[in-house]
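Biologist: Please take me through this one, term by term.

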Amino acid sequence: MNDWTIDLDEFISNAIKEDVGDGDHTSLACVPAEGSKTAFLLVKEQGILAGVEVALQVFNHIDPELNTKVYLNDGNAIKPGDIVFEVSGSARSILKAERLVLNCMQRMSGIATNTRKYVNLVKEYPCKILDTRKTTPGFRVIEKWAVRIGGGVNHRFGLYDMIMIKDNHIDFAGGIEKAITKTRNYLEEVKKDLKIEVEARNLKEVQEIMAVGGIDRIMLDNFSIEEMKTAVQM
């Protein structure tokens with residue numbers, strides 16, 4: 001999961017604060033403090049399971065006394081009627097955790113399922129399915145984790161862990177060669193070792209990027225299938 005543990009802890013804390021506020025007053029009013037229950041997570045759609053580890057951390061964060069028994073794990077294929085896990089203990093704690101657990105697992109499983117679909121489409125080729133920064137604000141660590149569970153590969157996590165020279169950067173810098181040169185000089189100045197990716201808008205730009213060299217990856221932006229084939233051959 002990379003080194004995202006701190007991000008996950010912070011995400012869970014913020015999510016609980018957002019949902020619970022100063023208390024689950026409905027449960028506090030209606031459910032006895034000593035009330036104990038066992039709940040099961042029931043699958044209602046076919047797909048790829050994701051979010052079990054997140055759920056376990058949510059339960060532990062809300063109430064370390066809750067007991068869980070896991071039957072299916074992240075990455076497993078699931079079908080309607082499957083039981084993913086059971087959780088037992090304080091009824092108030094289970095009710096407090098329920099919606100956050102379901103929100104995370106439903107979204108993560110949807111992303112993992114969709115990712116697996118695309119991964120399967122290219123499994124016969126030397127290809128990987130990458131994700132993007134087009135994520136729900138505050139939910140990135142969860143969504144990118146789901147991509148990995150589905151068999152995809154995380155691209156850059158944010159603006160800080162990779163250089164991506166896009167069309168806007170190229171235009172501001174005064175062209176492809178200047179953008180790449182400025183980037184190399186900047187990385188040397190700040191003593192950072194980051195991979196460099198450059199976006200190409202057409203085959204001419206692919207040639208130009210290759211002529212300059214010294215980068216790690218070329219992104220083909222809005223290329224047709226035929227143009228992509230030509231670019232890959234180049």
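**Strands, helices and a patch**

Modeller: F40 has E86 in β5 as its bridge partner. The model is predicted, so local features need pLDDT of at least 70, side-chain atom pairs count only at pLDDT 80 or more, and totals for chains, interfaces and linings use all residues. Residue numbers start from 1 along each chain as its sequence is written, and side-chain values use heavy atoms, without hydrogens and water.

Biologist: What makes β1 and β5 a pair?

Modeller: Two strands pair if DSSP finds at least two bridges between them. β1 and β5 (residues 83-90) share 6 bridges in the antiparallel sense, so they pass. A strand here is a DSSP run of E of at least two residues, a helix a run of H or I of at least four, both numbered from the N terminus.

Biologist: Why are β1 and β3 called edge strands?

Modeller: The open sheet has 3 strands in the order β1-β5-β3, with antiparallel pairing. β1 (36-42) and β3 (67-70) each pair on one side only. The average twist from one strand to the next is 15°.

Biologist: How do you know that helix α4 packs on this sheet?

Modeller: Helix α4 (residues 91-121) touches β1 and β5, where contact means heavy atoms within 4.5 Å. The direction of α4 makes about 150° with that of β5; axes are lines fitted to C-alpha atoms (for helices, over the stretch in contact), and angles run from 0 to 180 degrees between N-to-C directions.

Biologist: Which strands make up the parallel sheet?

Modeller: That open sheet has the order β6-β7-β8. Its edges are β6 (163-165) and β8 (217-220). I165 has V198 in β7 as bridge partner. Helix α7 (residues 176-190) lies across β6 and β7, at about 160° to β6, while helix α8 (residues 203-212) touches β7 and β8, at about 155° to β7.

Biologist: Why is Y71 called partly exposed?

Modeller: Y71 is in the loop between β3 and β4 (77-78). Its relative accessibility is 42%. Buried means under 20% and exposed over 50% (1.4 Å probe, protein chains only), so a value in between is partly exposed.

Biologist: What makes the nonpolar surface patch?

Modeller: F40, L42, Y71 and I83 make it, with about 390 Å². Patch residues have over 30% relative accessible area and no salt bridge, and nonpolar side chains are joined within 5 Å; a salt bridge is a side-chain nitrogen of Lys or Arg within 4 Å of a carboxyl oxygen of Asp or Glu. At 42%, Y71 is over that 30% limit.

Notes. Patches are made of residues with over 30% relative accessible area and no salt bridge: like charges are joined within 9 Å, nonpolar side chains (Val, Leu, Ile, Met, Phe, Trp, Tyr) within 5 Å. Accessible areas come from the Shrake-Rupley method with a 1.4 Å probe; for residues, only the protein chains shown count as cover.
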